[in-house]
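Subject: Structure handover

Hi,

Here is the structure for your files. Please open it first, then read the notes below.

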Amino acid sequence: MSREDFFSPEELKSLREITMTELKDLIAPLGGLTKQLRREETAADAAEKMRRIFHTIGGSAALAGFSAISALGHKLETLISDTAPPPEKIAEIEKLSAALISKIQVKD
Amino acid sequence: MSKDEIFSIEVSRDHFTAYLNVKPRTKNGDVSVQDVLDKLRSMGIVSGVKENEKIQSFLDSMELYDYQFVVASGRPFTHGEDAKIIFNFECDARNTIETEVESLAGVDFRAIGAVVSVDEGEIIATKAPAAQGEGGLTIFGQSLPGEWGMDISLAAGQNVEISDGRHYVSKIGGAPFVSGGVIRVDPVRVIEGNIDYSTGNVQFAGTLVVKGSIMDGFDVNVGGDLIVENTIQMSNVHAMGDVIVKRGILTRSKGVVISSEGSVYARFIENSVVEAEGNVVVETAIMNSQVSANGSVMALNNEGALIGGRTLAFDRITARALGSQAHPKTYVQAGFRFDVQKKYLEMMGRLTALGNEIAVIKKDYDHIARTSNDFDRMGALRTKVNKLLKAQKEMQSDLGEIAATRIFNHLAMIDVQETVFPGTTVFIGDGKYNVRKGARFASFKWDSDGKEVYMSTYDDTGQEKRTTSRSGHTVLIIDDSKAVRKTLRLILEKIGFRVIGEAEDGEEGVERYRQSKPTLVTCDIAMVRMDGIETLKAIREINPNAKVLMISSIRDRKKVLDCVMAGALDYILKPFIPKKVIATVRTSLQT
């Protein structure tokens, strides 16, 4: 039995709306955290927070069937596995974060 | 004033009636019969016109009567007779039970199972075809044909042929039966005494009549109905038709089954296992038995009671009493097909056994961790638990497949004509009602809004009173994601659980657990403030028997084993597959 068979259309709509709100709340601090990633004294803490955010985004988006957002969230979670990623990785993280933010904002 | 202003002719929509309307305060003589006839002719109304005298009489007495008169009437067409089947044999009281399940008080059980016999070549039924009604004629002279009556369909089944398009003729000597729109004739075999060592096991394609009893230790397989004049003892019996036992079913064993693809009728059922695709109808009591029907179970006459044992029906259970004054444990369930429920419970049983096996290993692990720290031994136990958890997940998946076929009949009900005694547990679907206080004239039904069973009784003023049992399962959901909490809540509430709280983090979760002590907790493994394993440990300090399920993403599944070893019952992976969530939750509650 798929989600579409189990939940009514109204329930699915409600779940998507709640998830979107949650995703938007989650991406809010990403801009500031990405900047902190570039500073040695704050990199480890920022990396931990960002990994947690991407982990939650990956899981929550999958629940609502937003598979592209979920995949990007999980990819970022894997990328940011180092406590203080090197500069070349930070650039990639920034690029993918921007793509993730854009996907979430467009989904509205 | 012109004539048209004084009177008019109105025609009904079906063209069968014309009304002469005359304005009020018209004086006699202002309208003549000829005026009316001319008007009718100009409108094409040529049939059924009233005689001139009657029209004149109306016109003369307009001041006394209503100013409307039926001036022309057509002849409506009629409906013809419906087709019907005239049976040349008596159908027994089973037909009454099929159609009038509300009360069996007037049914003579002795009249059930009387075997009617027909000869080869005999006309056993005749179809009187539908007839056409009489034609009609409108006031405009148009003829309309009469309507045909409804046709009726009766197919010729085994050993019956149709002759001349309307006569049903038996091809053999035997017993006629009408069922499901088909008329058939079964060969009939009569065993004058018992089924015992003199007859051995019996297999017969038609209807079998046993004038005595079916004794212990035999197998009886019948292609038509089975009619037993006395009792059925400890034997396996299967009939493709009905099983009719004039006295009782008394196998004294749960190892043999009396089963019917039709219905089972018996005077009483005691210490037996009975299964029917149709109904189970008992004249007196069902005692300490396992009775299952994919139709209804009824025990209404005399002391019709269900006492002890388990009774399951898909549609309805109706009895004069449930339980007795001795308060024996009596389980009564309506709403599921018994064949599906059997598979489901079997799988649940296997999962429970597996869950218990895991629990034993975890106890060993705890003991070793506390006393000797033998890491090799602990590692071996972890590996074993991991393997069993995988097996558990596969079985839960199978359970999910079975659950998908386990259709719940929301309209199922249990009806007690007199008393329901304490000690009785009633289920409608999975919703449970424990009867702690006796009640009279009670019905048990499913409330689709509240997702629970309720008992409906009536007070002295005739007002309905509803009560529910407070034994439903409660759940606390601990997760930092609102979307996860909402999804889980929707899934759990759909299967009748009450979500009594949600918490955003472990600390809040532990506090809510302390306040409400729910039946079950779901807890995210990865949370910021106080992660899943710390939350689990804190809850188990409050209650070592707390049932906690961990919620994990596939990426965190390595932490699942740590949680299980720390006391979690099981885990659910995200993204949720509803049937797997349900299977995991149900299994956890059995452990």
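**Strands around β29(B)**

β29(B) pairs with strand β31 (residues 413-420) of chain B in the parallel sense, over 6 bridges. Strands pair if DSSP finds at least two bridges between them. Strands are DSSP runs (E, at least two residues) and helices are DSSP runs too (H or I, at least four), numbered from the N terminus. In β31(B), B:T419 is the bridge partner of B:A321.

This is a predicted model: local features need pLDDT of at least 70, side-chain atom pairs count only at pLDDT 80 or more, and totals for chains, interfaces and linings use all residues. Residues are numbered from 1 along each chain as its sequence is written, chains are lettered from A and ligands numbered from 1 in the order in which they are written, and side-chain values use heavy atoms, with hydrogens and water left out.

Strand β26 (residues 296-299) of chain B also runs parallel to β29(B), joined by 4 bridges. There, B:V297 stands opposite B:I317. Strand β27 (residues 305-307) of chain B is joined to β29(B) by 2 bridges, again parallel. B:L306 has B:L322 as its bridge partner in β29(B).

How many of the 7 residues of β29(B) are buried? The count is 6, so the strand (residues 316-322) is largely enclosed by the rest of the structure. Buried means under 20% relative accessible area, with exposed over 50% and partly exposed in between (1.4 Å probe, protein chains only).

**The open sheet**

Chain B also has an open sheet of 10 strands with mixed pairing. Its edge strands are β14 (202-204) and β33 (431-434), each pairing on one side only.

Best wishes
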